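Welcome, and please take a moment to look over the sequence and the model below. The report that follows walks through its parts step by step.

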Protein chains: 2
Amino acid sequence: MDDAAFAWHPLATPEGKGWPDEATLRRYDRLPRHAEGRVSEDVWGLSRMSSSLYSRFRTDATEIRARWRLGLEQLAMWHMPNVAVSGLDLYGESEPGSWRWVGCAAASGFPEAENVLVTGLDPADRRYTVYFGLFNRLEDIEIGVPEGASFELVPADPTPPVVYYGTSIVHGAAASRPGMTLPAQLGRRLGRPVIGLGFSGRGKMEIELAELIGEIDAALWIVDCLPNMDADLVAERAVPFVQTLRARRPEGPIVLVEDRTWTGSWAKSSQAELSEAKRAAFRAGYEKLVADGTPDLHYVEGETLLGQDRDDTVDGSHPTDLGFLRMTDRLEAAVAPLLIKS
Amino acid sequence: MDDAAFAWHPLATPEGKGWPDEATLRRYDRLPRHAEGRVSEDVWGLSRMSSSLYSRFRTDATEIRARWRLGLEQLAMWHMPNVAVSGLDLYGESEPGSWRWVGCAAASGFPEAENVLVTGLDPADRRYTVYFGLFNRLEDIEIGVPEGASFELVPADPTPPVVYYGTSIVHGAAASRPGMTLPAQLGRRLGRPVIGLGFSGRGKMEIELAELIGEIDAALWIVDCLPNMDADLVAERAVPFVQTLRARRPEGPIVLVEDRTWTGSWAKSSQAELSEAKRAAFRAGYEKLVADGTPDLHYVEGETLLGQDRDDTVDGSHPTDLGFLRMTDRLEAAVAPLLIKS
């Protein structure tokens, strides 16, 4: 790639991050340094993936490039392409507060990647959001614009964020690109930062996560862990998890989300029964918490998170962009009124 | 994988194929042997990819496996994962004529792949459809079921097919898995075979393709080539292409489909103008054909094929499952009434 006429700009602290840079070991870590050793090793490893982190900048460039350094050699997964796992996704502000997709870039290699995010833009001075790869570690990134084009960082949005804690589904499996995850879509819909703390294969209401997400001065917390738990674990952990979070954050809605229905469960009654049992345990925990006087607690049922055509996951479990759009519709409907009220 | 207790069954001639086995060089070729040398080399190469081909079988197995041999070493692409490019996708018949997703499998290696398609099924005797990889060559495939489980091939559906000719979008970029392409989705909706003749980077209304698709005794033809053509090429080729097809097939609807709107074109007026120009040329060709008395010719506008959120492609051009579902909605609405009438 001919970079002769390009100027390269580093980005600032990413948005969608729950802690300031000085609290984390590395800029693109999703958990703070004091979480190391306190969360399990695999959660810690997953917290170093740049899922749900993004940066904003303003430029009048007609072409935007990126070069970035990755920490994990596996650039793609069997059900997710390079651009989602290790790439970048770019949205432009088409009207004030309205963000539309405009470009993306796959990782050209490891550890160094360089690619064009978008070219052929009409000359216009606008703000952009770049979302980072979902299942890789971002070590560093620079944005390139033609020499002479303007470039400035956009200050972080001070609106109190939503915290979204969960499993691989919140982590982003299986979005087609980084801007289509639940936290990313919900963030654009709600017009405020969504801190995505999804941990693939984990996200099991570990009590230390209740303590950690309780450190974030958020407007609302979403807890979406059932896909990786069974009924016994839900019965054991749901109530203390919410009590711990509520004790640290006496105010602000807490939204409990059931597991989405497995799309192949029409032919597998064992899967359907598993869902039924864990939902019953979750519902019972929710009702106990409400009966005990836990304030501002909300509950979203799992059955209508995905569509009735059962065609919106890649593998029975992980939503495609189609599934994520439908889930975002449901979650926005549940969450937006709570944020207006608050 | 422990295959000790599995019985392996070859599949028959795939469905979704426009010519009988004896007319093609290889079982999973999409064009007949007499097309070699007549179509361009790249179209010929692309015609050997198993996009839109599928087979059906009936079994009472509770687990279904597959082993298959691939012809191309590249198992994934930057914007499409292994399971879509080289994998398999399985639907089961949940009610008579109604097919629902139940399992999928990525290619475990090259050239030989083996994987579990689905496990944990309730005991039930039902029909299954397995769709083949979109951007790889399928050399051979066997389905494995536990010893003692029933297995029989389902005879090919004799319903006159729809032929869908086009570009990479018809070819399947960028579906999450093989069952989510336009031909696959449309086939399930319409309840009849759809022969997908999408050619990535090609599909430019080459006159020899009009002759070739005119060989197929179809109920309806869809021509969806604009994404890879400019206005001049459309002006040059659209009328003779349709005339050639109509001459070979005097009866049956021919549906002309405009290009979907580039999702990044809100920020790139050059892209929007390109679409506008080629659509105008296509519309003019259509009107000339109608004025000349060409019967049963239909026209679908491009602007509403995808959604107004512009979030339904992976790269501005190629629809994700979200985009393909929306396009299928539009195409079904356009095509289904024509098939009922015919």
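How many residues of domain 1 of chain A are in contact with residues of domain 2 of chain A? In this predicted model, 37 residues of domain 1 of chain A touch 35 residues of domain 2 of chain A.

**Two domains in chain A**

Let us start with where these domains lie. The domain assignment places domain 1 of chain A at 6–153 and domain 2 of chain A at 162–341. Taken over C-alpha atoms, their centres are 25 Å apart.

The side of domain 1 of chain A that touches domain 2 of chain A can be looked at through its polar links. The rule finds 13 residue pairs in polar contact across this interface, both residues being at pLDDT 80 or more. Helices α1 (41–46) and α2 (82–85) and strands β4 (88–95) and β5 (98–105) of chain A each supply at least two residues of the side of domain 1 that touches domain 2. Sorted by class, that side of domain 1 of chain A holds 22 nonpolar, 10 polar and 5 charged residues. Between the two domains of chain A there are also 3 salt bridges. In a salt bridge of chain A, the side chains of A:Asp42 and A:Arg202 meet at 3.5 Å, N to O.

**Two chains together**

Now for the meeting of chain A and chain B. Here 47 residues of chain A are in contact with 47 residues of chain B. The count of residue pairs in polar contact between chain A and chain B is 22, with both residues at pLDDT 80 or more. The elements that give two or more residues to the side of chain A that touches chain B are α2, β4, β5, α7 (269–291) and α8 (321–341) of chain A. By class, the residues on that side of chain A divide into 18 nonpolar, 15 polar and 14 charged.

The size of an interface is often given as the accessible area lost when the parts come together. The table sets out this value for both interfaces.

| Interface | Buried area | Share on carbon and sulfur atoms |
|---|---|---|
| Domain 1 of chain A and domain 2 of chain A | about 2,800 Å² | 63% |
| Chain A and chain B | about 3,400 Å² | 57% |

How are the two chains arranged? A rotation of 180 degrees, with 0.0 Å of shift along its axis, superposes chain A on chain B with an RMSD of 0.0 Å. The two copies are therefore related as by a two-fold rotation axis. The same surface serves both copies, as 100% of the contact residues of chain A recur in chain B.

**Salt bridges**

Over all chains, a search of the whole structure finds 52 salt bridges. One pair crosses between chains, running from A:Arg177, in the loop between α3 (168–171) and α4 (182–190) of chain A, to B:Asp311, in the loop between β14 (297–300) and α8 (321–341) of chain B. The side chains of A:Arg177 and B:Asp311 meet at 3.0 Å, N to O. Between chain A and chain B the count is 4 salt bridges.

**Backbone details**

Most residues other than glycine have a negative phi, and most peptide bonds are trans. The peptide bond from A:Ala173 to A:Ala174 is cis, with omega near 10 degrees, and A:Ala174 is found in the loop between α3 and α4 of chain A. In chain B, the bond from B:Phe110 to B:Pro111 is cis too, with omega near 0 degrees. B:Pro111 sits in the loop between β5 (98–105) and β6 (112–118) of chain B. Finally, A:Arg310 has a positive phi, near 60 degrees, and lies in the loop between β14 and α8 of chain A.

Terms used: Residues are numbered from 1 along each chain as its sequence is written. Chains are lettered from A and ligands numbered from 1 in the order in which they are written. This is a predicted model: local features need pLDDT of at least 70, side-chain atom pairs count only at pLDDT 80 or more; totals for chains, interfaces and linings use all residues. Side-chain values use heavy atoms; hydrogens and water are left out. Domain bounds come from an automatic or database domain assignment. Contact means heavy atoms within 4.5 Å. Buried area is the accessible area (1.4 Å probe) that two parts lose on being put together, summed over both. A polar contact is a pair of N or O atoms within 3.5 Å; within protein, one must be able to donate a hydrogen and the other to accept it, and residues adjacent in sequence count only if both atoms are side-chain atoms. Helices (H or I, at least four residues) and strands (E, at least two) are DSSP runs, numbered from the N terminus. Ala, Val, Leu, Ile, Met, Phe, Trp, Tyr, Cys and Pro count as nonpolar, Asp, Glu, Lys and Arg as charged, and the others, Gly among them, as polar. Copies are superposed by least squares on the C-alpha atoms of residues with pLDDT of at least 70 in both.
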